[in-house]
Amino acid sequence: MNLTDILQREDATLKKIEFIILVLSSFSIAAFAQQGGNKSTCIACHQDQDPPLSTPVEQLKTSVHNNPKLSCVGCHGGDPTAEDADVAMSKAKGFIGKPKPEQIPKLCSKCHSSATFMRIFNPNVPVDQYQLYLTSQHGILLKKGDKKVATCISCHGVHDIKKADDPTSPVFPANIADRCGKCHADADYMQGYSIPTDQLSEYKKSVHAQTLYKKGDLSAPTCNDCHGNHGAMPPGLSSVANVCGTCHLVQSEYFSTSPHKEAFDDMGISECEACHGNHAIHRTSDQMIGIDEKAVCTQCHDEDSQGFKTAAIMRNGIDSLATEISMAEAMINKANQAGVEIQDKALNLPNSKDALIQSRVLIHTLSTEKVGEKIKQGLKAATKALEIGRQALKEVGHRRNMLIIMVVLTLLVAGFLVLYIRFREGNDAR
Amino acid sequence: MDKLKKLSNWFEERIDLSGIRKFMDKKVVPVHKQHFWYGIGGITLFLFVTQIITGILLLLYYRPAADSAYESVQFIMTSVRFGWLIRSIHSWGANLMIFFLFVHMFSTFFMKAYRKPREMTWISGAFLLILALAFGFSGYLLPWNKLAFFATKVGTEMAAVVPGVGNHILMFLRGGEDVTGATLTRFFGFHVALLPITTFFILLIHLVLIQAQGMSVPPSLEKEYNKNPKTMKFFPDFILRDAVGWLAVLGLLGVLAALFPWGLGEKADPFASAPMGIKPEWYFVFLFQTLKYIPGRILGLNGEALGIFVIGLGILFWVFVPFFDHRAQKNLPSKTFTVIGIVLVLYILVMTTISYFFSS
């Protein structure tokens with residue numbers, strides 16, 4: 001038997017095995033699907049009822065749970081095969097009706113905490129939500145018997161639960177703040193919890209909300225990005241910087257090496273929040289640093305302190321760079337509008353702008369040397385850009401002068417031509 | 001003068017120029033109320049010559065590839081001495097040339113200069129206009145900027161609606177399915193080789209016919225003119241007058257180039273979304289606006305394809321108008337064709353105005 005024969009025989013055997021596996025898997029899938037796939041008497045009966053009894057059937061149509069592998073009994077118990085409503089919804093068949101708030105997290109976790117079960121739908125879906133919930137303020141209070149706190153359905157909905165990346169889902173990034181605000185912005189509902197209820201309105205004024213809602217940037221932080229979602233808790237004093245640092249990595253690193261770190265820790269001041277606030281974090285501006293009224297530095301540093309001097313030095317540096325850049329920009333724009341193309345505009349001006357941004361971030365180190373060095377780099381590039389702008393404007397002047405000379409010359413030649421034509425005509429007439 | 005005479009004699013001894021001199025002495029141009037319009041063709045030719053000169057100068061630095069075309073034009077505008085002026089004159093000159101071509105075409109149309117024996121002069125002129133538009137369309141893409149990129153995309157897409165061969169035309173124009181570097185190289189080839197050589201031969205025919213047949217006197221003035229024919233010598237009287245017009249246009253070009261240098265815009269990015277309100281060059285705008293008004297389906301047929309077909313028929317009618325205007329051929333007044341011309345001019349003006357000022 002040669003090698004080709006051996007390979008052909010092995011190929012035939014493999015094909016047989018493939019066929020057996022295919023047949024067996026078809027049977028097993030069919031058997032599994034039948035469990036939930038049989039016509040449910042719950043749906044058959046409820047869809048013919050008036051609202052609110054028919055509402056769940058309608059809502060389920062667009063829900064992530066509208067899957068043949070799942071059925072009403074998963075949450076409500078009962079027997080979906082029984083034709084008689086009393087039998088289908090009897091306690092003997094395990095029917096629990098509308099689950100109570102305290103039952104809900106456990107009920108959802110029946111499936112959502114089972115990696116084996118959830119793998120059927122999506123192998124990447126997390127299964128730690130219940131464990132996290134138990135550590136959250138909501139979970140802790142629920143355990144203590146507080147039935148007003150949020151459970152799974154408070155955020156995700158009930159029969160119309162959608163995937164978090166569905167824009168109509170209440171837990172879609174752009175909808176989360178309003179969902180949390182449903183309870184947390186309701187002063188009556190939050191009575192007795194002794195926490196403020198202005199977080200939502202404050203958040204909506206923030207730069208984070210502007211980025212999320214106006215720019216449509218879904219990566220902008222909303223409630224759950226700082227507080228956690230299933231394990232929602234207010235970040236503690238020591239962890240605020242860590243929360244902000246997940247996005248603002250460089251600022252966080254610079255801050256942790258600065259003299260502020262130790263001082264804030266000693267004084268028990270929360271790090272980023274002390275200067276930037278929490279829910280209503282506004283867009284930063286150069287006015288925040290320095291020694292004038294709007295500067296946050298003067299909240300702690302008085303005139304005689306080193307911090308006061310440092311703030312003044314850094315602000316002056318930043319102001320001088322920003323002024324130089326805006327002058328260069330104005331000049332280059334003016335030259336551009338006059339039609340002078342500037343090839344170098346793509347180099348020095350952006351470099352100086354980068355340096356300005358970097359020096360604004362370096363402020364968190366509180367090092368006048370580091371900030372000064374970056375400002376120096378920026379000023380060098382801005383000065384070059386300014387010079388290019390000046391040259392370009394000079395060029396505009398040259399072009400105008402050239403134009404005048406050219407037009408005058410053209411008119412002179414045309415004038416001579418007209419005179420010559422008349423002279424010829426005069427001669428011809430004679 | 002002696003030196004000039006000597007030089008002339010030197011040539012005369014070697015080549016017999018007496019025929020040309022005789023022709024130059026004999027050649028006259030009719031003088032009447034409307035002879036002013038005879039100069040427009042000369043201005044158009046003058047602008048064409050400036051296009052050739054500035055185009056050759058631009059060729060010294062231009063690089064026809066997607067990764068370097070924009071940069072090379074930028075280099076011309078910023079680093080080459082007087083590069084900005086040459087490019088601006090080339091761009092403004094192209095637009096002025098097409099403007100004067102339209103003026104020349106309509107003036108000869110209304111003066112019925114296409115009647116016998118000048119049918120071929122008209123047809124060659126109509127082809128020259130089509131070639132000039134092709135020059136404009138191909139040259140517009142060459143700086144490889146955003147606006148030109150998307151305008152070319154929209155413009156070439158129109159070819160695809162032609163039934164049967166549309167897709168082949170599109171592929172031929174683009175050098176592939178999309179507007180890419182291959183399109184740029186191809187358009188460059190059209191712009192600097194194919195179109196110039198074709199134009200050269202047709203222009204030669206056009207000019208030879210004009211010189212051979214002379215200027216046409218409009219039928220409305222012909223009787224009066226024949227009673228008292230008044231002429232001027234082509235060399236040098238008419239040419240000198242033409243030269244005044246050329247100088248005026250040269251001055252205008254200088255003013256436009258210096259006060260409104262032709263911008264470069266942003267570099268084309270095939271992955272960027274098309275900018276809002278994209279429009280072709282002004283001389284195509286009336287056709288573009290017309291196509292916008294045509295519904296998607298007309299009697300079950302593709303509206304755009306039908307529109308392009310009708311426009312094509314219109315262009316054919318216009319090119320061969322000498323053979324349709326029988327009254328003009330018999331030197332009789334042909335008011336119908338004058339009205340057609342007026343309607344067409346008004347249509348172009350109205351559609352262009354709507355597109356620029358009243359359309360999104």
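A residue is buried if 20 or more other C-beta atoms, placed from the backbone, lie within 10 Å of its own; with 12 or fewer it is exposed, and in between it is partly exposed. By that count, 30% of the 360 residues of chain B are buried.

Some ground rules. This is a predicted model: local features need pLDDT of at least 70, side-chain atom pairs count only at pLDDT 80 or more, and totals for chains, interfaces and linings use all residues. Residues are numbered from 1 along each chain as its sequence is written, with chains lettered from A and ligands numbered from 1 in the order written.

Chain B next. It has 15 helices and four strands, taken as DSSP runs numbered from the N terminus (helices H or I, at least four residues; strands E, at least two). Take contacts, meaning C-beta atoms placed from the backbone within 7 Å. Among those in chain B with a separation of 6 or more, 79% join residues 24 or more positions apart.

Now one helix pair. Helix 5 of chain B (residues 83-110) packs on helix 15 of chain B (residues 335-358) at about 155 degrees, axes 10 Å apart. Axes are lines fitted to C-alpha atoms over the stretch in contact, and angles run from 0 to 180 degrees between N-to-C directions. So the two are roughly antiparallel, the word for angles over 145 degrees. Who meets whom? B:Phe106, B:Phe109 and B:Phe110 in helix 5 meet B:Thr338, B:Gly341 and B:Val345 in helix 15.

Last, the interface. 19 residues of chain A are in contact with 21 residues of chain B.

Methods: Two residues are in contact if their C-beta atoms, placed from the backbone, lie within 7 Å. Angles under 35 degrees count as roughly parallel, over 145 as roughly antiparallel, 65 to 115 as roughly perpendicular and the rest as oblique.
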